[in-house]
Amino acid sequence: MGLRVGAVIDRGGEVLLLEAHSSGPVRLTRKLPGATVEPGESVAAAVIRGVREETGLTVTRIGHHIGDFDYLSPAGKPVRRLHFAVEVESTRPVLLTAHAGYVWAPLDGELLVTPSIRGILQTYKDLLYS
């Protein structure tokens, strides 16, 4: 099973979501920053690397493990995605390398994420804001 990580970066009740490139009229879902865990790499190192590579932000602390979900990759291979709350040195500037855009989305607003990510964000909200 492949292993991926995702990071919840919170800026006062708003979370950083990345937007994929789209060539058609369909509005694509947003995603959390993250990475594939490389062979020999720790989960923590993958979180730090993934956030840096996808956003340019520097992780200063990995906090709560928020939750996991399993899915099939586009190639049909099973993947487990682990999610963590992280703190970053600064929430700006966000420097994208592989995404069309980003938003700081309020946890109480329309997130335009998959049901699996929505569940992770609800768990995050319940853990930290209840």
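Visitor: How many helices and strands are there in the protein chain?
Guide: This is a predicted model. Read along the sequence, the chain follows the pattern β-β-β-β-α-β-β-β-α. In total, the protein chain has two helices and seven strands.

Visitor: What is the radius of gyration of the protein chain, and what does the globule rule give for 130 residues?
Guide: The C-alpha atoms fill a box of roughly 40 × 35 × 30 Å along the principal axes. The chain is as compact as a globular protein of its length, because its radius of gyration is close to the value from the globule rule. For 130 residues the rule gives 14 Å, and the radius of gyration of the chain is 14 Å.

Visitor: Which helix holds Glu-54, and is Glu-54 buried or exposed?
Guide: Glu-54 is found in helix H1, which covers residues 43–55. Its relative accessible area is 12%. Buried means under 20%, so Glu-54 is buried.

Visitor: With which side chain does the side chain of Glu-54 make a polar contact?
Guide: Leaving aside neighbours within four places in sequence, the residues in contact with Glu-54 include Leu-18, Leu-32, Pro-33, Leu-95 and His-99. Lys-31 is also one of the contacts of Glu-54. The polar contact, at 3.0 Å, is with the side chain of Lys-31.

Visitor: How far apart do the centres of the positive and negative side chains lie?
Guide: The protein chain has 14 positive and 14 negative side chains. The centres of these two sets lie apart by 3 Å.

Note on methods
Residues are numbered from 1 along each chain as its sequence is written. This is a predicted model: local features need pLDDT of at least 70, side-chain atom pairs count only at pLDDT 80 or more; totals for chains, interfaces and linings use all residues. Side-chain values use heavy atoms; hydrogens and water are left out. Helices (H or I, at least four residues) and strands (E, at least two) are DSSP runs, numbered from the N terminus. Buried means under 20% relative accessible area, exposed over 50%, partly exposed in between (1.4 Å probe, protein chains only). A polar contact is a pair of N or O atoms within 3.5 Å; within protein, one must be able to donate a hydrogen and the other to accept it, and residues adjacent in sequence count only if both atoms are side-chain atoms. Contact means heavy atoms within 4.5 Å. The radius of gyration is taken over C-alpha atoms; the globule rule is 2.2 Å times the number of residues to the power 0.38. Lys and Arg count as positive and Asp and Glu as negative; His and the chain ends are not counted. The place of a charge is taken as NZ of Lys, CZ of Arg, CG of Asp or CD of Glu.
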